[in-house]
Amino acid sequence: MKWSIRIMTIIVLFLITGSILVSSKAYEKIFWSPLCLILLGVFTVIMMVCSFKQGLSLKKVGFQICHMGIVVILIGAGIGYFAGVKATAVFPMDTPYNQLQLEDGRVVDMGFHVSVIDFQVTRYNPDYYLYKPLEGNAKSDDLKDYENLGAFASSFDGSYDLKKYGRIDAQELRDSTARDGWCSKYPLENGLILVKAAPKDKHYLAKLQIIDSNNREIIEKLEVNHPVDYSGWRFYLGSYDSENNSYVVLTAKRDPGTALVIYGMWAVLFGTVILCFRKRNYLQGGESDV
Amino acid sequence: MSDINLLVLLLIISSASLYLLSSIVIFMKKKLLGNILLAAGWVLGIMLFIENWILVGYPPFANMYHVLTFLSLCFLPLYIILALREKLNWLLPYFCIASMFPLIGVLFMERQVIWERPPALQSIWFVPHVLSYMISYALATVAFILAIASAIKADSAAREDFSKAIYHVLRLGFPFMTTGLFLGAVWAEEAWGNYWSWDTKETWSLITWLLYLLYFHSIRSREYKKWSKAFHICAFGALLVTFLMVNLLPQLGSILHSYTK
């Protein structure tokens, strides 16, 4: 018990120190540093020793599941760290790829070809920025001569509530000649102007074509939160070319440790529920230190 | 101010006021009146939650306003569980006080009643992840309020009663915190292919979880039992950092959780 308290305290102090250094590159240097790996390695060993010392009994089921679950998570994470590969790449439409370049420059052959053959996106009604002309600049075309009064989203009835500047129906902002069907700019009374903000995605979907080594074709639908699995690889939909829909950004990952991590998490969860929901009295004076 | 926003404001103020009144009345030993006021405050909170749900068209958990309005509703059902399981009926006024705080927070923020979910939030893990965390935060808040109340008690027997209550409250909340933490990782794996990316919010949620774990371990250790209160206080501090500061301080910006702004 005392060694697990000591190592967890050190890990907490390490994490706090690391989180204070806020640039994303600093995160990688700290949280993937040899010191961090050593701390987690020591923690894993202490968990295993704790489990071994407690032994197996019905009373200790929750304890064992919890502690071994953490061991499984850390082992899975270690496998992923040393043996996993991940790459994020731009996939132009209808262009097959069988190789990916990793962050460290290495090129990995996937063993099959993958291409994006279709992409669809639906969007919410756009936000509009309301601009008010600065003194004496009522007819200027330059937004620098305007004051930005903030962004306005369409409300539940489809109109835009501009507060003290009135309300405008969404249909008035529609423009059938515009690519996305919405006006870029819309003049209001007294020189006020509405300027369309960046689009807000509601849903997007890509179709992947996978050609294996035997030239068999497989078509899979890929969405955010619904990755595609094939031959040990997992594909995730990241972003896309918002101007012309000419490319999609995918992340591809092959990580043999991920399954262990996920199973370990469920084990810790299950073990914690057993430990915390069974009847137990508050201890006075503490148990003997293990 | 539109009619909807005015109604929202009235519900928030009424609900928070009723929670505060109920705690005062219960401390004055007028239990029946206190229970009625508490129930009324909770019903107004439910009306606010339902209104938010209708306006956005899906369970309202995406932005801070939605999350805090739901958090205030968690306290009463959790009190009922603790009262039935651990016979901690005397905790009621502390749960009433805790119910009020999220609504006070909502009064001082921009209440984004309409929220359009980006694709990343359209996941089956969204509601369980946020819901688990809200339940655990509700219980952690009550435990902290009890710790403050315990600190001003001169009687050591009373302090011991408070310590036991804190232990049982946190013991109920910790599985929910664990669930929230791991469901977040499962979700991140499905959405971005990264179950853990050392995002600021993730790191601080792990720090919070570890500190509560340290509390439970130290309580059962002869050598470190005297540190259990310190671990508890630090854990709640970390919880506040995770829940509030990461969203409110731009320089601590969380990349993955930025859609909650």
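What follows is a series of questions about the two chains, each with its answer.

Me: Where does this model come from, and how are its parts numbered?
Reply: This is a predicted model, in which local features need pLDDT of at least 70 and side-chain atom pairs count only at pLDDT 80 or more, whereas totals for chains, interfaces and linings use all residues. Side-chain values use heavy atoms, with hydrogens and water left out, chains are lettered from A and ligands numbered from 1 in the order in which they are written, and residues are numbered from 1 along each chain as its sequence is written.

Me: Which residues of chain A does UniProt place in the feature "transmembrane region"?
Reply: The positions are given in the numbering used here, with feature names shortened, and such annotations may be inferred rather than shown by experiment. In the model, the span 260–277 of chain A is 100% helix and 0% strand, with its end C-alpha atoms 25 Å apart; helices (H or I, at least four residues) and strands (E, at least two) are DSSP runs, numbered from the N terminus. The unreviewed UniProt entry places the feature at residues 7–24, 30–49, 61–83 and 260–277 of chain A.

Me: How far apart are the end C-alpha atoms of residues 64–84 of chain B?
Reply: The unreviewed UniProt entry lists 64–84 among the spans of chain B that carry the feature "transmembrane region". In the model this span is 100% helix and 0% strand, and its end C-alpha atoms lie apart by 31 Å.

Me: How much area do chain B and chain A bury between them?
Reply: The contact, meaning heavy atoms within 4.5 Å, takes 62 residues from chain B and 66 residues from chain A. Buried area is the accessible area (1.4 Å probe) that two parts lose on being put together, summed over both. Of the area buried here, 63% is on carbon and sulfur atoms, and the total is about 5700 Å².

Me: Which residues of chain B lose the most area to chain A?
Reply: Together they make up 15% of what the side of chain B buries, and they are B:Tyr195, B:Trp198 and B:Arg220.

Me: What is the distance between the closest N and O atoms of A:Lys253 and B:Glu189?
Reply: Side chains of opposite charge can pair when their charged atoms come close, and a salt bridge is a side-chain nitrogen of Lys or Arg within 4 Å of a carboxyl oxygen of Asp or Glu. Across the interface of chain B and chain A the rule finds three salt bridges. For the salt bridge of A:Lys253 with B:Glu189, the closest N and O atoms are apart by 2.9 Å.

Me: Which residues are linked with A:Lys253 and B:Glu189 in a network of salt bridges?
Reply: A:Arg234 forms a salt bridge with A:Asp229, with the closest N and O atoms 2.8 Å apart. The network joins A:Lys253 and B:Glu189 with A:Asp229, A:Arg234 and A:Asp255.

Me: Is B:Ser221 buried or exposed?
Reply: B:Ser221 lies in the loop between α7 and α8 (228–248) of chain B, and a polar atom of its side chain lies 3.2 Å from the backbone nitrogen of B:Tyr224. Buried means under 20% relative accessible area, exposed over 50%, and partly exposed in between (1.4 Å probe, protein chains only). Because its relative accessibility is 0%, B:Ser221 counts as buried.

Definitions and conventions. A polar contact is a pair of N or O atoms within 3.5 Å; within protein, one must be able to donate a hydrogen and the other to accept it, and residues adjacent in sequence count only if both atoms are side-chain atoms.
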